[in-house]
Amino acid sequence: IMPEDSSHKYTMVTCTAPVNIAVIKYWGKRDEDLILPVNSSLSVTLHQDQLKTTTTVACCRDFVEDRLWLNGKEEDINQPRLQSCLREIRRLARKRRSDKDSTVDVSGLSYKVHICSNNNFPTAAGLASSAAGYACLVYTLARLFGVEGELSCVARQGSGSACRSMYGGFVQWKMGEREDGKDSLADQVEPETHWPELRVLVLVVSAERKPVGSTSGMQTSVETSSLLKYRADSVVPGRMDEMTSAIRRKDFAAFAELTMKDSNQFHATCLDTYPPIFYLNDVSRRVINLVHRYNRHYGETRVAYTFDAGPNAVIYTLQDHVSEFVQVVCHFFPMESNRGKFLQGLPVASTTVSDELKNAIGMEPVSNGISYIISTKAGPGPRVEEDPSLHLLDSDGLPK
Ligand code: DP6
């Protein structure tokens with residue numbers, strides 16, 4: 001928190017928050033306003049060195065209205081989900097202050113806020129940025145207003161998957177049973193240090209158009225898909241236990257198989273939706289085939305894929321297999337235009353792919369299907385940025 005400035009009397013906080021990728025998918029709400037899911041879910045928080053949102057919030061007596069800038073552009077602050085998060089944090093702050101000391105000054109809570117948020121990855125990549133975005137907003141507001149403790153239920157009200165970005169490592173979102181949603185919370189299953197060999201590759205697939213958004217997509221699924229109901233009632237509860245146990249044991253084969261099956265069932269649910277929703281494209285399906293043929297060649301599950309509400313593939317594998325699998329992807333999805341920038345993030349050693357492996361996979365290479373790869377791993381939860389030079393707002397409260 002910045003000290004007060006004599007002319008403006010503002011406080012400013014900057015924080016960062018991570019992206020997460022579910023291995024047991026959240027799809028379907030039982031309450032649209034509170035964002036309560038029909039099933040529990042489990043994700044891996046990705047490292048912020050590669051993918052993160054940074055948010056600065058300033059509050060000042062002189063601000064005349066709440067304002068928001070996303071990736072350099074001013075946006076409407078009156079979106080209901082944004083308002084829910086602001087309202088909830090202010091409510092918690094008031095409660096906390098009156099619990100602690102009734103004489104405490106709560107006037108700062110009525111000051112307007114300026115919010116500025118950026119991603120360190122292109123929004124055009126179609127990576128789920130709402131999870132990191134809302135997690136970061138809630139975490140930063142909480143710091144600014146001195147709110148501590150359980151915040152995942154606030155982030156959840158911005159975007160369901162955002163509640164899982166409030167923690168690092170392996171995170172579950174327990175669906176809860178209560179109607180008020182107070183028990184629909186995220187918690188950490190294992191920290192990011194638990195499984196250091198686990199690696200993640202985001203294969204950014206070049207898409208022709210923007211797919212159906214998660215919010216409206218899952219709404220239609222809840223209304224029309226009987227597979228969704230079966231999945232939520234009879235499949236996910238068992239899978240949550242199996243997945244937790246696979247992670248605790250660091251059993252990659254079990255983790256990988258469940259991850260792929262759950263992604264496939266989520267996309268089957270989309271196909272079972274009426275009218276059907278297609279998130280996977282030809283490139284996505286080629287990645288699926290490639291992974292299965294690769295694993296079959298070795299007679300062991302070394303690589304897993306998962307897909308969210310878009311065509312990008314997220315690959316989970318172990319350190320020992322990363323470099324070969326990256327080479328395999330480069331061979332079967334040659335990228336002519338931006339060579340050199342094809343691989344971003346954590347360095348990957350270069351190796352050659354044997355002809356035997358290429359033949360075993362036996363697919364025709366297709367150019368330009370994948371625009372680039374981001375190599376990363378599991379990482380920590382939201383953080384306060386202590387360096388004031390990294391604030392996204394200037395001392396006048398406007399974006400730098
Ligand atoms: C396919 O969290 O984006 O990525 O709660 O409506 O904001 P809202 O949806 P959102 O849905 C994410 C769906 C998913 C699966 C997952 O992350 O678990």
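Student: Where is Ile35 found?

Tutor: In this predicted model, Ile35 lies in the loop between strand 3 (29–31) and strand 4 (36–37).

Student: Why does Ile35 count as buried?

Tutor: Take its C-beta neighbours inside 10 Å: Ile35 has 24 of them. The cut-off for buried is 20 or more, so Ile35 counts as buried.

Student: How do you know whether Asn368 is buried or partly exposed?

Tutor: Count again: Asn368 has 13 other C-beta atoms within 10 Å. Buried needs 20 or more and exposed means 12 or fewer, so Asn368 falls in between and is partly exposed.

Student: What kind of peptide bond joins Tyr274 and Pro275?

Tutor: A cis one, with omega at about -5 degrees. Most peptide bonds are trans. As for its place, Pro275 sits in the loop between helix 6 (252–272) and helix 7 (282–298).

Student: On to the sheet. In which order do its 6 strands come?

Tutor: The order is 8-7-9-6-1-17, the sheet is open, and the pairing is mixed.

Student: What makes strand 8 and strand 17 edge strands?

Tutor: Strand 8 (73–75) and strand 17 (383–384) each pair on one side only.

Student: How do you know that strand 1 pairs with strand 17?

Tutor: Look at the bridges: 2 of them join strand 1 (residues 10–18) to strand 17. Pairing takes at least two bridges, so these strands pair. They run antiparallel. Thr16, for instance, has Arg383 in strand 17 as its bridge partner.

Student: Which strands does helix 2 touch?

Tutor: Helix 2 (residues 130–144) packs on the sheet and touches strand 1, strand 6 (52–60), strand 9 (112–119) and strand 17. The direction of helix 2 makes about 145 degrees with that of strand 1.

Student: How is the protein divided into domains?

Tutor: Domain 1 takes 10–192 + 381–390, and domain 2 takes 198–377. Taken over C-alpha atoms, their centres are 27 Å apart. The contact uses 24 residues from domain 1 and 32 residues from domain 2.

Student: Which strand gives the most to the side of domain 1 that touches domain 2?

Tutor: Strand 2, with 3 residues. Strand 2 (20–24), strand 5 (41–45), strand 10 (170–173) and strand 11 (186–190) each supply at least two residues there. By class, that side of domain 1 has 14 nonpolar, 7 polar and 3 charged residues.

Student: How do you know whether the radius of gyration agrees with that of a compact globule?

Tutor: Set the value against the rule. A compact globule of 400 residues would have a radius of gyration near 21 Å, and the protein has 22 Å, so it agrees. Along its principal axes, the C-alpha trace spans about 75 × 45 × 40 Å.

Student: What share of the 400 residues is buried?

Tutor: Buried residues make up 46%. As for contacts between residues at least 6 apart in sequence, 76% join residues at least 24 apart.

Methods
Residues numbered from 1 in each chain as written. Predicted model: local features only at pLDDT ≥ 70, side-chain atom pairs only at ≥ 80, totals over all residues. Helix = DSSP H or I, 4+ residues; strand = E, 2+ residues; numbered from the N terminus. Contact = placed C-beta atoms within 7 Å. Axes fitted to C-alpha atoms, helices over the stretch in contact; angles between N-to-C directions. Domains from an automatic or database assignment. Nonpolar A, V, L, I, M, F, W, Y, C, P; charged D, E, K, R; others polar. Rg over C-alpha atoms; globule rule 2.2 N^0.38 Å.
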